[in-house]
Amino acid sequence: MGELKLNQVIKRYGATQVVHGVDLEVNDGEFCVFVGPSGCGKSTLLRMIAGLEETTGGTMQIGNRDITHLDPAKRGVAMVFQTYALYPHMTVRENMSFGLKIGGTSKSEIARKVDEAAGILKLDQYMDRKPKALSGGQRQRVAIGRAIVRSPELFLFDEPLSNLDAELRVEMRVEIARLHKRLGATMIYVTHDQVEAMTMADKIVVLRDGRIEQAGKPVDLYEDPDNLFVAGFIGSPRMNFFDAKVTGHRDGGVVVNIARLGISDMPVDIGATVDVGRDVVIGLRPEHFSLDGPTRFELAVDVCENLGGVAYAYSVSPDDDLPVIVELRGRNKPVAGDRLEIGLDPGAALMFDPKTEKRIR
Amino acid sequence: MRHRKTLYLFIIPALLVIGVFFVYPIILTFNMSFTRFQGIGKATQVGLKNYDRIFSRDRYLEAAWVTVFYTVIVVTAMNLSGLFFAAILHRLPMIRNFSRAALYTPSMISFVVVAYVWQFLYSPLNGGINVALTKLGLGAFTQNWLGDPNIAIFSVAFTQVWMFTGFTCAIYLAGFAGIPEEIGEAGRLEGASSWQRFRYLELPLLGPAITVAVMLTTIGTLKTFELPYILTKGGPDGATRMLSIEIINNLFGQYKFGFASALSILMLILVLFVAFIQNRVLRDRENTQ
């Protein structure tokens, strides 16, 4: 069983703590993606699971086995590195058989497993080549093949697509997702690319500064984030945040004033009680704006990115660091310098506490 | 094109230095090797007589053989010990820099100082090694380290290995540093022990470092002069008499400038030949990996 449980896992380098008591459960057969900005501890956590970094505190279990301080080779994990980490002096076949060979597996068994993996990954015709004679995508497939032949309980991927070009990245993304379906194995995948996270994951774990900000299904994280960080990190283009003030109460919610958009009475549905006059942050995704939205306002367009089917209008304000991003569909796309008359759907607005950054539900 | 030609102007100073201090002396030596010359007076042309003398007397072929034998011992030991220390220090980052510096220190000391220190250590009666062995109750192992013809060459070789292990260790450590860390980590995850990672992953990838270390130590050792000259003067019974010592003896002992030149040319050919063969073999080995 490739079920992974992390319990209050800690990593310290001397006096510096980089992973702060992480609790996580990854179910058997689940595709779990660790995502977060650079330096958030996602790769460190993955390497701790692999056993390449010593765990300072807490426990880790795969199935019912405690692997916290177990030798990497005995954990039943296989890892695919960002740089592929292929053995340059060995052929593809030798690369894929190395682990089995030193593990004492019989020659016929090695040949069977390697050929099977090569078939799955369409590497049959490259088996006698050395890594330097392969393209980036082929090398990555060999690295995955090397992991497959060991039949691990847990596959670990450390930003495996970062070294590939955009087109190949999409191709490999699909291939890894297909492989996950075929093998049914538990996979943990580290990336800083949230498109990869959203498209591949059964479960996304958003990390910041060595702490889990939120873990859950991609759609849940997108639609129902727990805090400002997750709301801003998940989704591309990112969510718009507006400083707002609560101006009154209404049935099932409050009324807020968003100065930036010139909206004085936008209703927001929340269950919690919030005092009138309190400062809040309102989050709205670019797609929550539309030309016929019920709450109307005007916006000056500074830049418009027209992608064909969809366009993103950017409106900059000297008072805010980040521009307001609005998604527009249909034929009449604005151009830079236009004033856009547009509406938004207040039912989609999310409210956050600016001090704690937590969601107000 | 004009630009390309001007680029060549920049290598003229280097070519001048090589020409004046390397090529010209070699040509002079080559010319002198066909003469009989005592350092003063006039050189007499003797044709191939000097070379005939070298190849017709066992003494000089033996000196060439001692040189090659000594080089084989020293280069093998020096590279194995350097690789051994590098492999260990590569796994011990905490003490790596200090140990590398400590190991390298002997090679920074003058040959003359090293030779005199080891001459004392090897001294048969009150030398450091024999005294230490006696005090440790290993008196049976005391030897006449430099006086026994069967041991002397190994004693001299050991001194040279002691001196330059830090040098080869530094080259191999640089080689290890060039191997991506993930390769070792991938090996660890696949269950390779420390020895298996060294044997199957690191050693093959150290190819370029091996080539450099073996080439440099071979060329350096073939030219060895100071250590055997001070420690044994080529003795006992010619056991450590290398080509370099023969050259100095003939040149400054007997003032046979012509004959010493012929021996020098022979030594140059030997060094070039060995270096050429090694370079070919080691590069081929690298390319097949």
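View 1. Buried means under 20% relative accessible area. The model shown here and in every other view is predicted. Glu327(A) sits in strand E19 of chain A, which covers residues 324-329. Its side chain makes a polar contact of 3.0 Å with the side chain of Arg329(A). Leaving aside residues up to four places away in sequence, Glu327(A) touches Pro286(A), Glu287(A), Phe289(A), Val310(A), Ala311(A) and Tyr312(A). For a sense of scale, look for Val255(A). Glu327(A) and Val255(A) are 72 residues apart in sequence, and their C-alpha atoms are 24 Å apart in space.

View 2. Ser315(A) belongs to strand E18 of chain A, residues 310-315. Is Ser315(A) buried or exposed? Its relative accessibility is 3%, so Ser315(A) counts as buried. A polar atom of the Ser315(A) side chain lies 2.7 Å from the backbone oxygen of Ala300(A). Ala300(A) is also one of the residues that Ser315(A) touches, when those up to four places away in sequence are not counted.

**View 3. Helix H2 of chain A, largely enclosed.** This helix runs over residues 92-102 of chain A. Eight of its eleven residues are buried, so the helix is largely enclosed by the rest of the structure. Which residues of H2(A) are buried? They are Val92(A), Asn95(A), Met96(A), Ser97(A), Phe98(A), Gly99(A), Leu100(A) and Ile102(A). The cover over these buried residues includes two helices of chain A, H3 (107-120) and H4 (136-148). It also includes helix H10 (194-205) of chain B. After H2(A) comes Gly104(A), with a positive phi near 85°.

**View 4. The largest pocket and its lining.** The volume of the largest pocket is about 580 Å³. Its lining has 23 residues. Nearest the centre of the largest pocket are Ile26(B), Lys223(B), Ser264(B), Met267(B) and Leu268(B). Three helices of chain B each give two or more residues to the lining: H2 (12-32), H13 (243-253) and H14 (257-287). Which element gives the largest share of the lining? H14(B) does, with ten residues. By residue type, the lining divides into 18 nonpolar, four polar and one charged.

View 5. An unreviewed UniProt entry lists "transmembrane region" for residues 7-27, 63-89, 101-121, 151-179, 200-222 and 257-277 of chain B. Take two of these spans in turn. Residues 101-121 of chain B are 90% helix and 0% strand. The end C-alpha atoms of residues 101-121 are 23 Å apart. Residues 257-277 of chain B are 100% helix and 0% strand. Here the end C-alpha atoms lie 30 Å apart.

**View 6. Val212(B), a partly exposed helix residue.** Val212(B) is part of helix H11 of chain B, residues 207-222. Its relative accessibility is 37%, so Val212(B) counts as partly exposed. Now find Thr6(B). Val212(B) and Thr6(B) are 206 residues apart in sequence. In space, C-alpha to C-alpha, Val212(B) and Thr6(B) are 32 Å apart.

Conventions:
Residues are numbered from 1 along each chain as its sequence is written. Chains are lettered from A and ligands numbered from 1 in the order in which they are written. This is a predicted model: local features need pLDDT of at least 70, side-chain atom pairs count only at pLDDT 80 or more; totals for chains, interfaces and linings use all residues. Side-chain values use heavy atoms; hydrogens and water are left out. Helices (H or I, at least four residues) and strands (E, at least two) are DSSP runs, numbered from the N terminus. Buried means under 20% relative accessible area, exposed over 50%, partly exposed in between (1.4 Å probe, protein chains only). A polar contact is a pair of N or O atoms within 3.5 Å; within protein, one must be able to donate a hydrogen and the other to accept it, and residues adjacent in sequence count only if both atoms are side-chain atoms. Contact means heavy atoms within 4.5 Å. On a 1 Å grid over the protein atoms alone, a cavity is a set of points where a 1.4 Å probe fits but cannot get out, and a pocket is an open set with protein on both sides within 12 Å along at least five of seven lines; lining residues have an atom within 4 Å of a point. Grid points are joined across faces, edges and corners, and a volume is the space filled by probe spheres set on the points. Ala, Val, Leu, Ile, Met, Phe, Trp, Tyr, Cys and Pro count as nonpolar, Asp, Glu, Lys and Arg as charged, and the others, Gly among them, as polar. UniProt positions are given in the numbering used here, feature names are shortened, and annotations may be inferred rather than shown by experiment.
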